[in-house]
Amino acid sequence: MVEELSVVFLNNICYHGGTMKKPTFEFYTRPNGHNEFVEFYKSLPQKDREKLLATINMIQEHGLLTAQRMEWVKKLNSDIFEIRSKVSSNIQRALYFHAVDNRYIITHGFTKKSQKTPINEIKKAQLIKKEFEGEQKNGNN
């Protein structure tokens, strides 16, 4: 099930119209009822939440090409990408994948503590992607 962006603090995240299709990010609620990105987001200090939300909004506003040039996003493998956010020494990452058209699903987030993105975080995003695709195939969304 894809989380509708009706949670008050997420209302800022929406599709910004225009002639080019800009990315729209959504947050996925897993079959177990957990929306891991929203849970992560709520656990962050206020400044980190604001910066992460602003980064997501800038990506939606300016598009993925600009986001790549500005290093707001990075491709981790053929399926998984990361949104990059930093406030002083706090480095936040949100992993996502492309669903269809301009629709992107954020799987979860974490605080980065090492130079390289931990493989277990990438595997977790791939598992959540597989769950999402299974639900889509079965007609749930």
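Okay, housekeeping. The model is predicted, so local features need pLDDT of at least 70 and side-chain atom pairs count only at pLDDT 80 or more, while totals for chains, interfaces and linings use all residues. Numbering runs from 1 along each chain as its sequence is written, and side-chain values use heavy atoms, with hydrogens and water left out.

Let's start with the strands. Helices (H or I, at least four residues) and strands (E, at least two) are DSSP runs numbered from the N terminus, and two strands pair if DSSP finds at least two bridges between them. Strand β3, residues 73-75, runs antiparallel to β4, residues 81-87, with three bridges joining them.

Now the inside. I'll call a residue buried under 20% relative accessible area, exposed over 50%, and partly exposed in between, using a 1.4 Å probe and protein chains only. A nonpolar core is a set of buried Ala, Val, Leu, Ile, Met, Phe, Trp, Tyr and Cys residues joined through side-chain atoms within 4.5 Å. The largest one has 20 residues, and F25, F37, L52, I83, Y96 and I106 touch the most other members. Elements giving two or more residues to this core are β2, α1 (36-43), α2 (46-62), β4, β5 and β6 (103-112). Take F37: leaving aside neighbours within four places in sequence, its contacts (heavy atoms within 4.5 Å) include F27, L52, I56, A94 and I106. There's also a second, separate core of nine residues, with I80, F97, I105 and F110 among them.

On to the rings. Phe, Tyr and Trp rings (for Trp, the six-membered one) pair if their centres lie within 6.5 Å; planes under 30 degrees apart are stacked, over 60 edge-to-face, the rest tilted. That gives eight aromatic pairs. Y28 and F132 are edge-to-face because their planes are at 85 degrees, with the centres 5.5 Å apart. Y28 is in β2 (residues 24-28) and F132 in α4 (residues 119-137), so to speak a link between distant parts of the chain, 104 residues apart. Both Y28 and F132 are buried. Y96 and Y104 are buried too, and F25, F81, Y96 and Y104 make up one aromatic cluster.

Last, charges. A salt bridge is a side-chain nitrogen of Lys or Arg within 4 Å of a carboxyl oxygen of Asp or Glu, and the count is seven. Which residue does R103 meet in a salt bridge? That's E26, at 3.0 Å, N to O. R103 is in β6 and E26 in β2, 77 residues apart, and both are buried; E26 has 15% relative accessibility.

K124 bridges to E36, with the closest N and O atoms 2.8 Å apart. Because K124 lies in α4 and E36 in α1, the pair ties together parts 88 residues apart in sequence. K124 is partly exposed at 31%, whereas E36 is buried at 14%.

Then there's E133 with K129, 2.5 Å between the closest N and O atoms. These two are four residues apart in α4, about one helical turn.
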